[in-house]
Amino acid sequence: MSLPLFYAPDIEQSDRLPDDEAGHILRVLRMQAGDRLRLTDGRGSFFDAVIETADRKSCYVSVCGQEPWQKPWRDRITIAIAPTKQSERMEWMLEKLVEIGVDEVVFIESEHSERRRIKAERLERIAISAMKQSLKASFPVIRVNIPIQTVIADTPKTAVRLIAYVDEAVRAEITQGRGYPSDFYHVGQDVLILIGPEGDFSPSEVESALLAGFAPVSLGESRLRTETAGLVACQWIHTLQACCRIGE
């Protein structure tokens, strides 16, 4: 039976676990001094630990081992996406992105955004839970309320920069079997995929992205909801990496 996993970002500086994790350990799981558990700092390491002392409000542990986590995917994957009007859909998408594997999620502000401002605190809690559930040791960067023009301007030109947008030129490529992420992304490159709101990007936003070097791509023949597009884009990159590993 595997040990329960908890998030302790400061475990190398402090032997006291975060209060929310301590509460779950003591009041829900009813663990006691001497019980073993597993921790992650969210920065690429697992720790084996033993509960030393515990009371109703705090839990102290001693670390007895550290293990580096090998990230299953190779390159940095960033999904920059417009938040959905319904927060539940956005939160579900973030949970699944973390479970699949993502390095950064950027919630953008665009002209047609259905939701203008969001708070990071709840999203971070959801991401922590998904990281633990999927047994990962890397907590993704989550940025909120970032103007789309900032994302376009600040994304390194060394990364593969894609925008999920289909116009007549992309449709012509699709008829020739091109115009998909696999035509631009190759394993060994960081990648950012830009996904717009339900009302799509504005013409000026598309123009800015294309002028900056973003490549327009299709995510398939179906019309997807925003949150579905985010998951499809992320999984597409993982699938390309898996195919590369099989061919090695």
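Select β2 (36-40) and strand β3 (residues 45-54): the two pair in the antiparallel sense over five bridges. Two strands count as paired if DSSP finds at least two bridges between them. Helices (H or I, at least four residues) and strands (E, at least two) are DSSP runs, numbered from the N terminus. Pick Leu37, whose bridge partner in β3 is Ala49.

The model is predicted, so local features need pLDDT of at least 70 and side-chain atom pairs count only at pLDDT 80 or more, while totals for chains, interfaces and linings use all residues. Residues are numbered from 1 along each chain as its sequence is written, and side-chain values use heavy atoms, with hydrogens and water left out.

**The four-stranded sheet**

Now show the whole open sheet of four strands, in the order β1-β2-β3-β4 with mixed pairing. β1 and β4 (59-68) stand at the edges with a single partner strand each, so one side of each has no neighbour in the sheet. Neighbouring strands here are turned by 35° against each other on average, direction ignored. Axes are lines fitted to C-alpha atoms, for helices over the stretch in contact, and angles run from 0 to 180 degrees between N-to-C directions. Contact means heavy atoms within 4.5 Å.

**Helix α3**

Select α3 (residues 120-133) next. Its 14 residues should span 20 Å at 1.5 Å a residue, and the end C-alpha atoms are 20 Å apart, which agrees. The expected span is 1.5 Å times one less than the number of residues. α3 lies across β1 and β2, at about 150° to β1, and also across β6 and β7, at about 150° to β7.

Colour its buried residues: Ala120, Leu123, Ile126, Ala127, Ile128, Ala130, Met131 and Lys132. Buried means under 20% relative accessible area, exposed over 50% and partly exposed in between (1.4 Å probe, protein chains only). Elements that these residues pack against include α1 (19-28), α2 (87-100) and β6 (104-109).

Stop at Lys132, which has a relative accessible area of 19% and is therefore buried. Apart from neighbours within four places in sequence, Lys132 is in contact with Leu5, Phe6, Tyr7 and Glu21. Just after α3, Leu135 takes a positive phi of about 60°.

**The six-stranded sheet**

Show the open sheet of six strands, β7-β6-β5-β9-β8-β10, with parallel pairing. Its edge strands, β7 and β10 (215-217), each pair on one side only. The twist averages 25° from one strand to the next. Five bridges join β6 to β7, and Val106 stands opposite Arg143 in β7.

Go to His238 in helix α7 (residues 226-247). Which backbone oxygen does the side chain of His238 reach? It is that of Gly101, at 2.7 Å. His238 is buried, with a relative accessible area of 13%. Leaving aside neighbours within four places in sequence, His238 is in contact with Trp73, Ile77, Ile100 and Gly101.

Finish with the aromatic rings: a search of the whole structure finds three pairs. In one of them, the rings of Tyr180 and Trp236 have centres 5.8 Å apart and planes at 20°, so the pair is stacked. Rings of Phe, Tyr and Trp (its six-membered ring) pair if their centres lie within 6.5 Å; planes under 30 degrees apart count as stacked, over 60 as edge-to-face and the rest as tilted. Tyr180 is in the loop between α5 (168-175) and β9 (191-195), and Trp236 is in helix α7, 56 residues apart. Tyr180 is buried, with a relative accessible area of 16%.

Technical notes:
A polar contact is a pair of N or O atoms within 3.5 Å; within protein, one must be able to donate a hydrogen and the other to accept it, and residues adjacent in sequence count only if both atoms are side-chain atoms.
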